[in-house]
Amino acid sequence: MNVYDGWRIAAMLEHRGMTRTENVSDADIIILNTCAVRAKATDKVFSALGRIRRAKKSSALMGIVGCVARESGADAFRRVPDLNFVLGPQSYHKLPEILENPDAKLLNIDLSGLEKFDSLPQMVKSPTVTYIPIQEGCNHCCTYCIVPYTRGREISRKFDDCIRDTIHAAKTGAIEICFLGQNVNGYKYTDENGHTYRLSDLIQAAAKIPEIMRIRFTSSYPTEMTDDLIEMFKTEPKLLPFLNMPIQSGAPDVLQRMNRPYDLDQYIGIINKLRNARSDIQISSDFIVGFPGETDSDFEQTVNIAKQIGYINSYCFKYSPRPHTAAALMPNQIPESIKSARLATLDATLNEIQRDFNESCIGKTLSCLYEGPDKTGRHLVYRTPYMQQCIVSRPDNDTMIPALAKIEITAANKASLRGKFVE
Ligand code: SAH
């Protein structure tokens with residue numbers, strides 16, 4: 001979502017005749033697009049601002065947008081007096097106001113809903129993988145999570161607007177689209193005639209667009225994985241066989257304290273339905289270790305469920321207490337040293353599963369999407385349907401680089417695959 005927001009901000013400024021620079025001392029405006037999910041991300045913003053204010057031109061405007069802006073509000077101006085603007089994740093379309101009035105201190109952390117989507121110019125050229133936001137905010141209120149506070153209550157965009165953006169993306173270069181939302185599979189829009197649209201309707205409509213060859217969506221909440229959506233994995237070949245569906249923990253009482261109201265049987269039941277719909281589907285998860293009150297045996301259950309489900313490509317995090325969340329006030333906070341040890345153990349397990357899965361791909365031919373040259377320029381980077389990175393040798397002639405290619409996998413390690421073009 002932040003990557004998407006960053007694109008829109010860049011497009012908005014380019015539309016006004018500005019160009020990008022990688023060099024802080026050249027910039028006329030410096031914008032930090034920020035994440036507040038864990039404390040470390042927030043701390044990094046303020047240390048980066050300290051570095052930037054020393055390196056920038058004195059006339060340059062500097063500010064923060066996104067969730068840290070919403071979290072800190074006016075306090076950010078007290079911490080960094082030379083900040084010019086602080087704009088929350090739903091008000092970054094107000095950025096031009098600071099260009100018109102550079103001496104002001106611009107603060108807007110309102111949760112204005114969907115206004116930003118419709119007040120921004122469309123991108124002239126879309127990346128091959130284009131994000132289409134369909135839903136913003138979250139109503140789940142997991143007790144660790146700051147997102148309902150920073151991005152607000154859940155709201156779904158109009159079906160027609162989502163499809164209009166998807167068609168625009170397809171006509172301007174997109175081959176893969178990724179529907180985005182904090183609770184993407186909770187997408188629900190009812191039009192003036194009382195017709196309700198779900199994510200499965202969006203997938204079906206997008207699959208009819210010839211230029212779009214691959215469809216995915218993120219992030220999913222387990223109990224919103226309804227049968228109509230699961231069915232899409234059976235009936236829509238353009239829907240990639242890969243799904244991020246975070247479990248967070250494998251211990252029932254931890255899940256309960258997290259306010260994740262599903263039990264393990266229910267979660268495994270959903271996984272089984274998905275595998276029945278599409279036998280080659282792979283699942284990834286997010287995990288939090290060291291949630292308040294997590295015992296050694298709770299943690300063991302998390303490691304066990306990770307192995308049992310065989311998640312590929314997962315993320316795990318040490319629990320980070322956040323303002324405006326219930327878990328920050330819970331008793332039995334876990335010491336940092338235990339969190340670090342658990343993180344290392346779970347990471348090792350997840351890495352092993354990922355390496356095994358990558359190695360199991362050797363000899364298979366996968367349909368992969370071109371991403372760009374690697375750092376050396378001698379190789380090309382492709383993405384498999386499971387979002388693995390696949391490296392192939394660069395052909396002699398760049399006109400022979402296909403956007404979508406059949407690649408035979410020849411080698412694998414934990415981080416990536418190697419392959420060669422078939423045909
Ligand atoms: N549903 C959202 C979740 C965003 S946060 C989305 O993906 O859009 C992504 C992940 O960060 C969560 O799944 C969770 O595993 C982790 N996370 C959220 N709050 C956290 C916290 N306070 N401490 C540690 N990890 C956290």
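This is a predicted model: local features need pLDDT of at least 70, side-chain atom pairs count only at pLDDT 80 or more; totals for chains, interfaces and linings use all residues.
Let's start with the layout.

How do we put a size on that? The size of an interface is often given as the accessible area lost when the parts come together. Here, the area buried between domain 1 and domain 2 is about 2,200 Å². Carbon and sulfur atoms give 61% of it.

Now find Y4, W7 and R8 on your screens. Those three supply 29% of the area that domain 1 buries against domain 2.

What about charges and polar atoms? Three salt bridges are found across this interface. There are also 12 residue pairs in polar contact, both partners at pLDDT 80 or more.

The whole structure has 27. One joins the side chains of D5 and R151, at 3.2 Å from N to O.

Look at E100 and R16 next. Their closest N and O atoms are 3.3 Å apart. E100 lies in helix α5, and R16 lies in the loop between α1 and β1, so this pair ties together parts that are 84 residues apart in sequence. E100 is exposed, at 56% relative accessible area. R16 is partly exposed, at 43%.

K171 and E211 make another salt bridge, at 3.2 Å. K171 sits in helix α8, while E211 sits in the loop between α9 and β11, 40 residues apart. K171 counts as exposed, at 57%. E211 is partly exposed, at 31%.

Then there is E176 with R216. Are they buried or exposed? Both are buried. Their closest N and O atoms are 2.5 Å apart. E176 lies in strand β8 and R216 in strand β11, so the bridge ties together parts 40 residues apart in sequence.

Salt bridges can also be linked up. D118, R157, D161, R164 and D165 form one such network.

Most residues other than glycine have a negative phi, and most peptide bonds are trans. Where do we find exceptions here? The peptide bond from T218 to S219 is cis, with omega near -5°. S219 is in the loop between β11 and α10.

Q248 is not a glycine, yet its phi is positive, about 75°. Q248 lies in the loop between β12 and α11. It counts as buried because its relative accessible area is 8%, under the 20% cut-off. What does Q248 touch? Beyond its neighbours in sequence, its contacts include M258, R260, Y262 and F287. A polar contact of 3.3 Å also joins the side chains of Q248 and Y144.

M387 has a positive phi too, about 70°, and is not a glycine either. M387 is in the loop between β17 and β18. M387 is buried as well, at 12%.

That's the tour. Thanks, everyone.

How values were computed: Residues are numbered from 1 along each chain as its sequence is written. Side-chain values use heavy atoms; hydrogens and water are left out. Buried area is the accessible area (1.4 Å probe) that two parts lose on being put together, summed over both. A salt bridge is a side-chain nitrogen of Lys or Arg within 4 Å of a carboxyl oxygen of Asp or Glu. A polar contact is a pair of N or O atoms within 3.5 Å; within protein, one must be able to donate a hydrogen and the other to accept it, and residues adjacent in sequence count only if both atoms are side-chain atoms. Helices (H or I, at least four residues) and strands (E, at least two) are DSSP runs, numbered from the N terminus. Buried means under 20% relative accessible area, exposed over 50%, partly exposed in between (1.4 Å probe, protein chains only). Contact means heavy atoms within 4.5 Å. Lists of a residue's contacts leave out its neighbours within four places in sequence.
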